[in-house]
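Please read the following briefing alongside the sequence and the structure.

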Amino acid sequence: MSVHPVVDQASNAARFLADRSREEYFDTLMWSLREARDRSASEVPEWEQLRDLGSAIKEHTLSHLADYLEQFEASAKRNGVEVHWAHDAHEHNQIVAEILSRHGAKQLIKSKSMLTEECDMRRYLENRGVTVTETDLGERIQQLDDEPPAHIVGPAWQKSPEDVARVFAKAYGSDPNNAAPVYLAHEMRVHTRALIEKADAGMTGANFAVAETGTVVTATNEGNADLSGNVPRLRICSVGIEKIVPTHRDLAVFIRLLSRSAVGMPITQYTSHFRAPRRDGEMHIILVDNGRSERLGMEKFWQSLKCIRCGACMNTCPVYRRSGGLSYGSTYMGPIGIIMMPTFDIRRFSELPFSSTLNGSCSNVCPVKINIHEQIYAWREVMDEKHQIKLAKKSAMVAAGEVLSHPELYRIVTAAGETTLKRLPRFAIYNDFNAWGKHRETPLPAGQTFHEWYKANRRKA
Amino acid sequence: MGIREDILDRVRRNQPAAIPHPDLRDFTHLASADLITTFARSLGVMAGVLIDKPPDDLGAFLREKFPDAKNICSAVPEYVGTSKPEDYPVWADAAKIDVSVVRSPLGVAETGSVLLSDDDLRVNTIAFLAHDIVILLAPDKIVENIHVAYQHPAFKEKAYSVLMSGPSGSADIGGKEVHPAQAVMTLTVILWPESAKTS
């Protein structure tokens with residue numbers, strides 16, 4: 001039984017929406033990424049074939065995952081890598097702490113990894129005397145501000161440059177009034193490189209793990225995975241078991257899809273392949289389950305394991321764009337978060353499947369063709385079956401179901417609504433019960449319903 | 001049962017019925033004459049700089065392009081710098097390098113990427129901790145796309161390899177890419193046949 005309260009995404013979103021300028025900034029930024037994705041995809045003639053291939057390779061791999069995991073492990077061991085296995089976050093964190101302790105390592109630099117976020121690893125290590133420095137700019141901003149990522153690609157995108165200037169002024173003593181991204185990126189460079197150069201150990205996640213060679217692949221623009229994985233002699237890579245791809249030829253399909261889907265660029269500046277430790281170093285790979293093997297057995301939901309973490313579904317989602325990523329109260333947010341998080345804690349994330357318009361845009365942009373919106377709907381059914389829907393929502397849905405399944409009743413209700421809306425004073429329409437009217441004008445009722453129009457016109461024909 | 005066996009057992013029990021692997025293609029479209037033009041355009045998109053032929057005097061070129069550079073680390077026989085990769089047995093010390101000069105065995109037209117592996121770099125960090133990087137690339141080593149690039153043996157043989165595509169950057173503030181981030185400030189590719197003159 002979950003000890004965490006149910007995440008109320010709608011209420012969290014309302015707090016985000018209270019600042020109109022912040023909502024507009026975030027919405028505009030996210031939509032610009034969606035547009036960049038569209039432009040970039042349109043330049044690749046075989047784009048839809050790549051999506052088909054990406055989906056098919058992932059489905060093939062997941063349906064043979066045990067064999068590919070064994071192959072990956074054998075390849076990595078041949079390369080001189082020490083391979084560890086972890087059931088869950090706690091076991092993962094314990095393994096990392098033990099490796100660091102064995103080497104007396106107290107300063108850890110790491111690149112962005114949603115898996116280590118999932119494991120809440122930073123707090124675990126810091127409680128044991130290890131200083132953890134995030135080397136991804138966005139992740140470092142969130143670390144300094146003590147906030148989790150708001151987006152899986154750009155963790156700090158929910159913050160404006162002015163917000164970042166304030167965070168850096170507090171942490172680094174930089175100019176709080178200079179919000180130029182170039183200046184802020186330079187401040188990050190100056191302060192983080194000093195920590196990178198004296199680190200005892202480096203850590204990366206994995207965008208992909210290639211079974212045929214035992215290679216861990218990372219994609220960054222900053223080169224921070226290369227710095228984290230190369231500067232210290234000790235390298236640790238945390239890999240979710242679903243990140244396996246069979247061969248480098250398979251990997252090519254995903255590299256072509258990933259950055260274009262994420263931000264509309266043909267590739268990240270650094271696509272890095274860690275196959276073996278450096279000659280004078282040590283390399284560890286931790287293969288982490290943390291609920292993935294269980295999800296693999298869920299007939300309706302296993303396909304979410306195909307996700308390559310591009311964030312395209314988030315950038316296009318009208319709810320995410322106008323709610324902010326932190327409103328989901330979860331490691332993964334937006335449409336992909338909605339279908340992943342209930343597998344971690346069904347009660348805590350029972351409300352998330354209702355934070356969607358089900359418009360299908362997420363599925364349409366997904367580079368590996370995950371049926372995201374269908375899974376969101378399926379999760380609603382699961383929540384109903386498992387009695388995880390709040391009474392008020394359930395009652396409203398029962399009432400709506402009654403009205404919508406009885407045409408006569410539907411016509412009476414719509415006619416009554418139109419009459420009422422025309423006559424009620426403004427204060428009676430714009431109140432807490434009218435979510436639509438909180439940020440925009442409620443549309444005026446049409447002169448006649450569609451049914452009335454149809455009766456008057458088409459029936460004659 | 002150990003953790004490894006337990007996880008593998010759970011995966012084996014839960015994985016869906018076998019789905020076949022799809023046939024893969026290389027999706028090549030370009031004539032070889034177009035590869036350099038496409039590479040140049042893509043490298044520009046990634047904020048890299050292309051010099052389309054070897055300069056008459058690489059030393060003079062470097063002095064002009066990087067007037068403040070004092071420490072030029074060369075990993076190539078075409079140029080003798082002020083240091084070489086082996087001078088940095090502590091890999092963090094590569095941060096003292098102003099400019100690294102290396103040779104890449106492969107370019108990718110689609111993305112403007114160059115391949116660098118531990119054999120090309122000898123000390124991997126010279127590609128990231130240096131202030132700037134200059135990369136020599138033979139024009140006939142440019143392939144069309146990532147599908148073809150991944151057939152290069154380095155990916156199966158080298159301990160570390162990276163497809164580097166422009167200088168380090170970040171779009172983490174405001175969503176628009178700015179340069180530099182933590183790694184090199186600028187990246188210059190010089191198209192330089194392997195048999196060409198040295199300076």
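**Domains and basis of the model**

In chain A, the domain assignment, whose bounds come from an automatic or database source, gives domain 1 (44–290) and domain 2 (396–456). The centres of domain 1 of chain A and domain 2 of chain A, taken over C-alpha atoms, are separated by 50 Å. This is a predicted model, in which local features need pLDDT of at least 70 and side-chain atom pairs count only at pLDDT 80 or more, while totals for chains, interfaces and linings use all residues. Residues are numbered from 1 along each chain as its sequence is written, and chains are lettered from A and ligands numbered from 1 in the order in which they are written.

**The sheet of chain A**

- Six strands of chain A form an open sheet in the order 1-10-7-4-2-3, with parallel pairing; strands are DSSP runs (E, at least two residues) and helices likewise (H or I, at least four), numbered from the N terminus, and two strands pair if DSSP finds at least two bridges between them.
- Strand 1 (82–86) and strand 3 (131–134) of chain A are the edge strands, each pairing on one side only.
- From one strand to the next the twist averages 20°, with axes being lines fitted to C-alpha atoms and angles running from 0 to 180 degrees between N-to-C directions.

- Strand 2 (residues 107–110) of chain A pairs with strand 4 of chain A in the parallel sense over three bridges, and here A:Ile109 stands opposite A:Gly202.
- Strand 7 (residues 234–240) of chain A also pairs with strand 4 of chain A in the parallel sense, over four bridges; A:Ala201 stands opposite A:Leu234, and A:Thr204 has A:Cys237 as its bridge partner.

**Contacts between chains A and B**

- In total, 72 residues of chain A are in contact with 59 residues of chain B, contact meaning that C-beta atoms, placed from the backbone, lie within 7 Å.
- Helix 10 (residues 181–197) of chain A supplies the largest share of the side of chain A that touches chain B, namely nine residues.
- Strand 9 (residues 270–274) of chain A pairs with strand 8 (residues 160–164) of chain B in the antiparallel sense over five bridges, and A:Ser272 stands opposite B:Val162 in strand 8 of chain B.

Conventions. Two residues are in contact if their C-beta atoms, placed from the backbone, lie within 7 Å.
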